[in-house]
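Please examine the sequence and the structure shown below.

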Amino acid sequence: MNEPVIIANKLTKRFGDFTATNEISFEVKKGEIFGFLGANGAGKTTAIRMFCGLLLPSSGSATVAGFDVFKQTELIKQNIGYMSQKFSLYEDLTVKENIRFYAGIYGMSRRLIKEKTGPLLKQLNLLSEANMLVKSLPLGWKQKLAFSVAVFHEPKVVFLDEPTGGVDPITRREFWNLIFQAAERGITVFVTTHYMDEAEYCNRVSIMVDGKIEALDTPRKLKQSFNALSMDEVFLQLARGAKRAGD
Amino acid sequence: MKQFIIFVQKEFYHIFRDRKSLLIIIFMPIVQIILFGFALTNEIKDSDIAILDNAKDGASGEIIRRLDASRYFNAARYLHTQGEIETAFKTGKIRLVVVFQPGFRAALLHNNHAQLQLIADATDPNTATTITNYAASIVRDYQSDLNLLVQTPYLITPQIRMLYNPQLKGAYNFVPGVMAMILILISAMMTSVAIVREKEINTMEVLLVSPLKPFLFILSKAIPYMFLSLVNVTTILIVSVSLLEVPIKGSLLLLMAEALLFITTSVSLGLLISNVTNSQQTALMISLMGLLLPTLLLGGFMFPIESMPRPLQVVSNLVPSKWFFIIVKNVMIKGLGFKMVWKETLILFGMALFFLAVSITKFKTRLA
C-alpha cells in the first residue's frame, strides 16, 4: 500500500514564455484517490498530459507506475487508463462494441473481454442497452461507461480529467462509487475536478494555483490548517490570489 | 494483430452505419461516368508527328514542310517502313503518322488524284479528330495553292484511320480519367476525414494514451478505404465494359495492381492531409482543392497537357493522377503490357513511398 505509483519531482512544462506547470513535486501511493484541484487554467490538464505521455515535460522528472515520463512513455501507456474531460466513446458504436474496441486496443483477449463484459453491464445497469448505440444513452450513463472502459483492462493508474463535468449530483455520486470500487481493487486514481464536494471524497488533495501546488494534504488536515469548514473555503482562500484568468 | 483486426472492424462499423456517405461512395463512380460522358473540345499545339514518305518527291516534301511549319505540328520522326508505324505510337509521343504513297507527285500530276494516309492515336478521340482535321486542312491549302496554277484541279484525298478507337468513343478517354478522379477522391478524402474525425470527437486523445502503435493506427485507417476504392474500381470497370462498351484490352490483373498502387498513393496523401489539420471541414477542403482540382486540370484527361504552357507541363508531373491516367489508357485501351508502363509505375511507386514515409514520420504521438 505504501509504494509510490506516481512520483513527480519539480516537473515543469513551458509553452514559450508561459509556464503552465511550475516545478510541481508530489508522490501518489498505490490504491490512493488523489484529487488534483485548481481553477481553470491552473495547469491541471497540462500536468495530467505529461503523466500520460501526451506532452513532453520541459524540465524536472517524474515516473508513473515505475516508468520514466521522458523515456518510457510506451511502457507507461500499457499501465494506465485515461478519461478526458471531453466525452470520448464512439457514438455510432454500441455499448458492447465500445467496450470490446477499447479492451482490444489494450491487448485483452477475446475470452477475457467476454468474461468481464457481462458483469460490467450488470453493474452499470446497462444489460438491456448493451446493443444500443452509445449516442442514445443519457450523458451520465455515458460518463459511467467511459470510466468503466478506462479501467476495464485493470491499469495500475487511471487518470481522470474532470470526469463529471455537466453531470447531475445523483449520477456524480454513482460515478464516485465506481471510483471507490476501482481504488479498492488497487487501482490508483488521479482525478481533477471542479466540484469541492468531490474533493472531500479523495484520500489526499493538492490545490494548484497559477501552475504551482500551493497546498497538499488530506481534506481534513487542509480544512484544519486553513481554518475552514469546507473544502470550498480552502479552495477560495487559495484561488483568490490567482493571477491567471480562467479559460 | 488482434489490435489491428479490432480496429479495422471498428472502421467498418463507422462506414456501414453512415448510410448516406456509403451510398455516395458507392454510387458516385456511376454518376460521374454518366456525367463525363459528354466530352470537351480542345485545341492541340505542337503535336509530334511521324512521316512515312514513300514518295520522296517535291509534292510530299512541300506538304511535310507546311505541316512542320504550322503551329500544330512538329515533324519529330521519319519512318522507313510500314511496320514502324505501330512502334512509333507505342514508344514515342507521336500522335499522328502521315503516309505518302510511292509516286505521290506523279499520281497527282498525271492522274490528278493522289492518296495520303493520316493515322492518328485515337485513344483520346477529341485530340485525334482535331489533329486529323488540322492536317487535312493543311493538305487542302496546298492543294488549292496548286490549283491556282493549272486548269484541271489536282485532287489529294486524305485517308484517315483512327487507331485503337475507330468509333471515336469519348468513353475511351474519360473512363481512365474518372477512375483516377474517383480513386483520389475516395481514398484521400475519406482517409483524411476518418482520421480527423477521431481528433474532433476526442477519441484521438484516448487512442494516443493507449498502447496502440501509430503505425497500426494509420494502417487500420487506410485498409478499409483501400478496400472500398477497389470496390469502386470494379464498379467503374463493370459499367465501362457493359454500358459504355469500352473493352479491357490489356491484362485485368495488371490493371487492378496498378489501381491498387494508385490507391496506396492517394491514401498516403490522405494521411498527410490528416496530419496538418484538426477539422473535418478543412480536411475536405484541402482534399478538394489540393487533390481533385489538380487531377481535373492537370491530369491530362480534360485538357491536353501538350497545349499547356511549359511551367504547367512541369507541374503536371507532380500530379499522381497524370501517371495513373497514362497507365490506365495504355493498359486498358491500348492493351499494352507492363513493359510499356513500367516508368509511370515506378513514378507512382516512388510517390506512394514518399508520402507514406512522410505521413508516418510526421504522425504526432504527442499533443504538443
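Chain B is divided into domain 1 (2-39 + 170-362) and domain 2 (47-163), with bounds that come from an automatic or database domain assignment. The contact takes ten residues from domain 1 of chain B and nine residues from domain 2 of chain B, where contact means heavy atoms within 4.5 Å. The C-alpha centres of domain 1 of chain B and domain 2 of chain B lie 41 Å apart.

This is a predicted model, in which local features need pLDDT of at least 70 and side-chain atom pairs count only at pLDDT 80 or more, while totals for chains, interfaces and linings use all residues. Residues are numbered from 1 along each chain as its sequence is written, chains are lettered from A and ligands numbered from 1 in the order in which they are written, and side-chain values use heavy atoms, with hydrogens and water left out.

**Chain A as a whole**

The secondary structure of chain A comes to nine helices and ten strands; helices (H or I, at least four residues) and strands (E, at least two) are DSSP runs, numbered from the N terminus. The radius of gyration of chain A is 18 Å, close to the 18 Å given by the globule rule for 247 residues, so chain A is as compact as a globular protein of that length. This radius is taken over C-alpha atoms, and the globule rule is 2.2 Å times the number of residues to the power 0.38. Along the principal axes, the C-alpha atoms of chain A fill a box of roughly 50 × 40 × 35 Å. Of the 247 residues of chain A, 55% count as buried. Buried means under 20% relative accessible area, exposed over 50%, and partly exposed in between (1.4 Å probe, protein chains only).

**Helix 9 of chain A**

The buried residues of helix 9 (residues 231-239) of chain A are Met231(A), Val234(A), Phe235(A), Leu238(A) and Ala239(A). They cover an arc of only 115° around the axis, which puts them on the same side of helix 9 of chain A; the arc is that of the directions from the helix axis to the C-beta atoms. An α-helix has 3.6 residues a turn, so residues three or four places apart point the same way. The buried residues of helix 9 of chain A pack against strand 3 (33-38), helix 7 (196-199), strand 9 (204-209), strand 10 (212-217) and helix 8 (219-225) of chain A.

Thr171(A) is in helix 6 (residues 169-184) of chain A, and Thr127(B) lies in helix 6 (residues 125-147) of chain B. The table gives their polar contacts, each a pair of N or O atoms within 3.5 Å; within protein, one must be able to donate a hydrogen and the other to accept it, and residues adjacent in sequence count only if both atoms are side-chain atoms.

| Side chain | Partner side chain and distance |
|---|---|
| Thr171(A) | Asp168(A), 2.7 Å |
| Thr127(B) | Asp124(B), 2.5 Å |

Thr171(A) is buried, with a relative accessible area of 10%, and Thr127(B) is buried, with a relative accessible area of 1%.

**Positive phi angles**

Asp210(A) has a phi near 50°, a positive value in a residue other than glycine. Asp210(A) is placed in the loop between strand 9 and strand 10 of chain A and counts as partly exposed, at 22% relative accessibility. Phi of Lys56(B) is also near 50°. Lys56(B) is found in the loop between strand 1 (47-53) and helix 3 (58-69) of chain B and is exposed, with a relative accessible area of 66%.
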